[in-house]
Amino acid sequence: MFLERGVDAVTVEEICERVGISRRTFFNYFESKDQVIGGTQHTKFPPELLDDIRTLTPPPDRSYPARVMELVGRTYLEANKRFRAESIDPDLTWTIHQRRTKLFSSTPTLMLARLRAFESSREHLNEAILNNLETQPDNRQLPHLTSKDEALLITRLITTSLWTAITLSNQLGDGEPGPEQLTTIFADQAHLQREFNDLNFTSPPDNDSPGD
């Protein structure tokens with residue numbers, strides 16, 4: 001109904017009539033029509049994860065950003081695994097996910113709401129990382145930056161990498177990424193970024209100038 005007529009044109013009453021339930025039953029399960037559309041908030045970082053990130057002391061062979069990325073990725077995969085296990089119809093669950101993706105991409109107000117939720121979750125992650133860098137300075141790797149700036153850089157790197165992996169997986173039609181696919185996508189991202197250390201924006205390249 002949302003896809004056919006638009007979000008604003010569909011009322012709670014029409015949803016209840018189509019499904020065959022009362023308004024009271026509807027509100028036993030959902031707070032609003034928007035919650036029906038949004039579904040589970042995959043962008044929220046659980047408090048336990050944020051606590052681990054605040055107190056994390058990485059092993060000698062793993063940097064703090066890499067260990068945080070691993071924790072975030074594993075937490076996402078575990079939550080997604082539980083979500084699939086609780087589904088009574090995995091195929092229908094995936095179909096609903098695809099419909100929701102279409103709704104969000106075609107409805108500016110929904111996209112804005114999702115972006116706000118995303119930024120709120122990212123801010124919570126940033127606060128946890130900053131707290132760690134300030135209380136455990138040995139975890140820092142960029143002494144030329146303030147701890148606040150380094151935390152921001154780590155947060156953006158982690159969230160952008162994760163959501164890029166999720167988006168790519170969805171575009172490939174495989175659903176939410178599993179452990180093997182997430183590992184492969186992160187390796188692909190690292191491969192593409194490998195030569196970023198050699199980039200130089202302070203002088204023109206050795207070959208032809210950009211206008212030639």
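**Close-up views of a predicted model**

**View 1. A salt bridge between R23 and E13 in the predicted model.** R23 forms a salt bridge with E13, and the closest N and O atoms of the pair are 2.4 Å apart. Because R23 belongs to helix α3 (residues 23–29) while E13 belongs to helix α2 (residues 12–19), this pair ties together parts that are 10 residues apart in sequence. In total, the structure holds 8 salt bridges.

**View 2. The packing of helix α6 against helix α9.** Helix α6 (residues 64–86) and helix α9 (residues 147–171) pack at an angle of about 35°, and their axes lie 10 Å apart. The crossing in which α6 passes α9 is right-handed. On the α6 side the contact involves Y64, P65, V68, M69, V72 and Y76, which meet I154, I158, S161, L162 and I166 in α9.

**View 3. The packing of helix α9 against helix α10.** Here α9 and α10 pack at an angle of about 115°, with 10 Å between their axes, and α9 passes α10 in a right-handed crossing. From α9 the contact draws on S161, L162, T164, A165, L168 and S169, and from α10 on Q181, L182, I185, F186 and Q189. The residues of the contact of α9 with α10 divide into 6 nonpolar and 5 polar, and no charged residue takes part.

**View 4. A nonpolar patch on the surface.** F196, L199 and F201 form this patch, and together they have about 400 Å² of accessible area. One of these residues, F196, lies in the segment that comes after α10 (179–193).

Notes: Residues numbered from 1 in each chain as written. Predicted model: local features only at pLDDT ≥ 70, side-chain atom pairs only at ≥ 80, totals over all residues. Heavy atoms only, no water. Axes fitted to C-alpha atoms, helices over the stretch in contact; angles between N-to-C directions. Helix = DSSP H or I, 4+ residues; strand = E, 2+ residues; numbered from the N terminus. Left-handed = near helix turned anticlockwise from the far one by under 90°. Contact = heavy atoms within 4.5 Å. Patch = residues over 30% accessible without salt bridge, like charges linked within 9 Å, V, L, I, M, F, W, Y side chains within 5 Å. Areas by Shrake-Rupley, 256 points an atom, 1.4 Å probe, with all protein chains shown as cover. Salt bridge = Lys/Arg side-chain N within 4 Å of Asp/Glu carboxyl O. Nonpolar A, V, L, I, M, F, W, Y, C, P; charged D, E, K, R; others polar.
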